[in-house]
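Hi,

Here is the structure I promised to pass on. Have a look at it first, and then read my notes below.

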Amino acid sequence: AFARRLAERTGGEAITERSPGWRGHGRTVANARPARDALEFAFDPDADAVRRAHEAALRAALARVSPETRRRLVALAPFDGGDAAAAEDGAARFAGLVQTLADGRTRPLASLRRVLFPDGIPPAARAHFVTQIANRFENVGDASEILRFDARLDGEVRDDVERAFLWAQELELHERVAPLAIVVARMALGAGMAFDAVRVLEAALAFGQTAPTSSRRASFHQLAPAISLLLGVARIFRGDSAARNDLRNAEKEGDRHLQALAIAYRGLHEGLSDDANRGLALVQRAFARAAAPCPPAVRGRILKNEANLLLEASRPAELVLREARACFSAVGDRREIAFVDLILATVLCDEGRFVEANEAARAALDVFRRLGDSRSEGRVRHVLGILAADGGDVSAAQGHFDDEIDRFRATGDRKSEGQSTASQAALAVERGDLSAARVLVDGALALFDGRDEPEQALSW
């Protein structure tokens with residue numbers, strides 16, 4: 001019955017933009033029944049039965065489409081995120097309808113691929129897919145864009161890019177591997193997954209050494225400095241001392257703006273792990289290397305690193321932060337503006353300027369919510385919790401701390417979860433609940449697990 005209704009609803013070339021959708025409500029295919037504006041259905045819990053039901057229904061529906069629509073479906077099927085070039089034809093609408101068949105446990109477009117390509121997607125189709133994905137991204141190694149991370153990208157688009165990166169390696173499309181690796185790494189860093197970014201970038205650098213001709217190696221190595229810079233920054237996020245070598249490589253080979261960023265991030269790395277004054281000296285070298293005219297995005301990142309090092313050295317940083325914010329505002333980088341607002345909120349809170357700190361924190365929170373950056377939202381919640389506690393609103397503070405811990409736990413950020421748990425312990429002390437405080441301290445120490453020094457987090 002399901003296959004028959006799917007065929008009736010699609011009707012081959014008769015598919016329209018307003019074709020009714022499909023939604024699952026916990027019943028089996030055999031019990032599907034018409035609804036006023038859609039067919040309601042769900043699948044048997046057996047995943048293999050779900051897959052067979054998808055494929056049987058798709059084969060029946062595909063038998064009704066024209067050869068031209070089928071040809072377009074063959075080109076469209078590799079894309080989980082859809083192909084904008086085919087958005088107005090029947091094939092795209094058919095694939096869009098297929099996409100709505102998901103019940104939360106299956107990948108309907110994967111079923112479409114299995115039906116269209118029973119022996120696997122042929123190399124020519126995979127190469128076309130790689131080219132289409134790679135062409136969506138331009139100037140990926142540009143200094144102004146290389147560190148602009150996308151915190152929120154549709155999961156299916158992200159899957160498309162990751163698949164294109166893997167297929168580019170399998171098909172030895174050397175000129176595509178480096179730019180796709182940069183895009184995948186930027187998406188990973190935007191989602192707080194530094195380990196994945198490092199893995200992808202290391203694979204890209206290793207692959208670059210296998211290029212069979214000097215011309216292909218030259219094409220790959222044009223982006224090698226950008227990959228080294230991005231890899232160094234990803235290692236900093238992981239607390240990896242190998243970041244220094246990657247940043248030195250970028251400093252030797254990149255253009256002057258990439259070199260300036262590499263020097264600035266090496267300054268941040270060395271300043272936070274060793275000597276803040278040494279880091280600040282490197283940041284000044286970065287300013288000199290960038291020289292005028294310096295793109296606002298590049299100058300803003302150097303300034304942000306300088307501000308972090310000034311704070312590490314217990315020196316004023318507000319003016320530097322506000323200049324960095326102006327740079328990011330000039331290029332419309334909302335994510336970086338929000339990070340500067342978050343740092344500003346911390347600075348203003350430490351100075352007792354609680355109203356201004358709350359305004360800055362709320363502005364950052366709004367941006368991170370819009371971007372879907374849960375981890376960064378947790379960091380803002382930490383500041384808001386401290387502000388609420390300082391204002392005597394223990395209940396609100398507890399709510400913020402609970403929220404941030406949930407976010408850090410969901411993203412696997414044990415260090416931040418430990419720091420948040422320590423803040424909850426401090427709040428328990430203020431409430432006079434020493435028993436709860438001891439439990440929370442033990443929990444915080446367990447989260448640090450010997451990998452990080454807990455003294456600062458527990459300094460209360």
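How many helices and strands does the secondary structure of the protein come to? There are 22 helices and three strands. Keep in mind while you browse that this is a predicted model.

Some overall numbers to start with. The protein has 460 residues, and 49% of them are buried. It exposes about 21300 Å², with carbon and sulfur atoms supplying 49% of that area. If you take the contacts with a separation of 6 or more, 62% of them are between residues 24 or more positions apart.

Now for the inside. The largest nonpolar core has 86 residues, and Ile146, Leu180, Leu229, Leu230, Leu261 and Ile302 are those with the most contacts inside it. Helix α8 (residues 174-190) gives this core its largest share, eleven residues. Another core, of 18 residues, lies apart from it, and Ala338, Cys349, Leu371 and Val380 are among its members.

Beyond the residues up to four places away in sequence, Leu261 touches Ala143, Ile146, Leu147, Leu229, Val298, Arg301 and Ile302.

Helix α19 (residues 374-390) reaches 24 Å from its first C-alpha to its last, close to the 24 Å expected for its 17 residues. Among its buried residues are Ser376, Glu377, Val380, Arg381 and Leu384. Which helices do the buried residues of α19 pack against? They pack against α17 (334-350), α18 (354-371), α20 (394-411) and α21 (414-431). After α19 comes Gly392, with a positive phi near 85°.

Glu306 is buried but has no salt bridge. Arg299 is the nearest side chain of opposite charge, and it is 6.8 Å away; a salt bridge would need the charged atoms within 4 Å. Setting aside neighbours within four places in sequence, Glu306 is in contact with Leu280, Val283, Gln284, Phe287 and Val320.

Technical notes. Residues are numbered from 1 along each chain as its sequence is written. This is a predicted model: local features need pLDDT of at least 70, side-chain atom pairs count only at pLDDT 80 or more; totals for chains, interfaces and linings use all residues. Side-chain values use heavy atoms; hydrogens and water are left out. Helices (H or I, at least four residues) and strands (E, at least two) are DSSP runs, numbered from the N terminus. Buried means under 20% relative accessible area, exposed over 50%, partly exposed in between (1.4 Å probe, protein chains only). Contact means heavy atoms within 4.5 Å. Accessible areas come from the Shrake-Rupley method with a 1.4 Å probe; for residues, only the protein chains shown count as cover. Lys and Arg count as positive and Asp and Glu as negative; His and the chain ends are not counted. A nonpolar core is a set of buried Ala, Val, Leu, Ile, Met, Phe, Trp, Tyr and Cys residues joined through side-chain atoms within 4.5 Å. The expected span of a helix is 1.5 Å times one less than its number of residues.
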